[in-house]
Amino acid sequence: MQKLMSLEPRRRKNLRARIQTLRSGFRNLARDRRGEGYLDMAMKILIVVVIGAAILAIMNVAMPDLFQSLIDKITGELNNVTVLP
C-alpha cells in the first residue's frame, strides 16, 4: 500500500513536466511566423503532382492498351470484393 501512495506524486510530477513540454512546444509553434517549411512542402507536393499527372497523360497517349488492361484488371479484382458478409 505504501508503494502505491509513493508512486502517485511521481506520476503527477511526470505528467506536469510533460504538459509543460507540450505547452512550450505549442508556444514556440505559435510564435514562429515564418511558415517556410509549410510553403516549401506545399510547393514540392504541387510540383510532384503536376509532373506525375503530365507523365501519366503522356504514357496514356503512348500506350493506351497497357492502361486499359491495367484498369480492367483492377476493376475485375474490385468486383469480387465483398465488404459485408
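**View 1. The elements of the protein chain run α-α-α from the N terminus on.** The model is predicted. Its secondary structure amounts to 3 helices and 0 strands. The protein chain has 85 residues, of which 1% count as buried.

**View 2. Thr21 in helix α1.** Helix α1 covers residues 2-31 and contains Thr21. Thr21 counts as exposed because its relative accessibility is 54%, above the 50% cut-off for that class. A polar atom of the Thr21 side chain lies 2.9 Å from the backbone oxygen of Ala17.

**View 3. Residues 41-63, annotated in UniProt as "transmembrane region".** The annotation comes from an unreviewed UniProt entry. In the predicted model, this span is 96% helix and 0% strand. The C-alpha atoms at the ends of residues 41-63 are 32 Å apart.

**View 4. A nonpolar surface patch of about 980 Å².** The patch is made by Leu39, Met43, Leu46, Ile47, Val50, Ile51, Ile55, Met59, Met63, Leu66 and Leu70. Helices α2 (36-62) and α3 (64-79) each supply at least two of the patch residues. The largest share, 8 residues, comes from α2.

**View 5. Leu46 in helix α2.** Leu46 is one of the residues that make the nonpolar patch. Its helix, α2, spans residues 36-62.

Conventions
Residues numbered from 1 in each chain as written. Predicted model: local features only at pLDDT ≥ 70, side-chain atom pairs only at ≥ 80, totals over all residues. Heavy atoms only, no water. UniProt positions renumbered as here; feature names shortened; annotations may be inferred. Helix = DSSP H or I, 4+ residues; strand = E, 2+ residues; numbered from the N terminus. Patch = residues over 30% accessible without salt bridge, like charges linked within 9 Å, V, L, I, M, F, W, Y side chains within 5 Å. Areas by Shrake-Rupley, 256 points an atom, 1.4 Å probe, with all protein chains shown as cover. Salt bridge = Lys/Arg side-chain N within 4 Å of Asp/Glu carboxyl O. Buried < 20%, exposed > 50% of the residue type's maximum accessible area, 1.4 Å probe, protein only. Polar contact = N/O pair within 3.5 Å; in protein donor to acceptor, adjacent residues only side chain to side chain.
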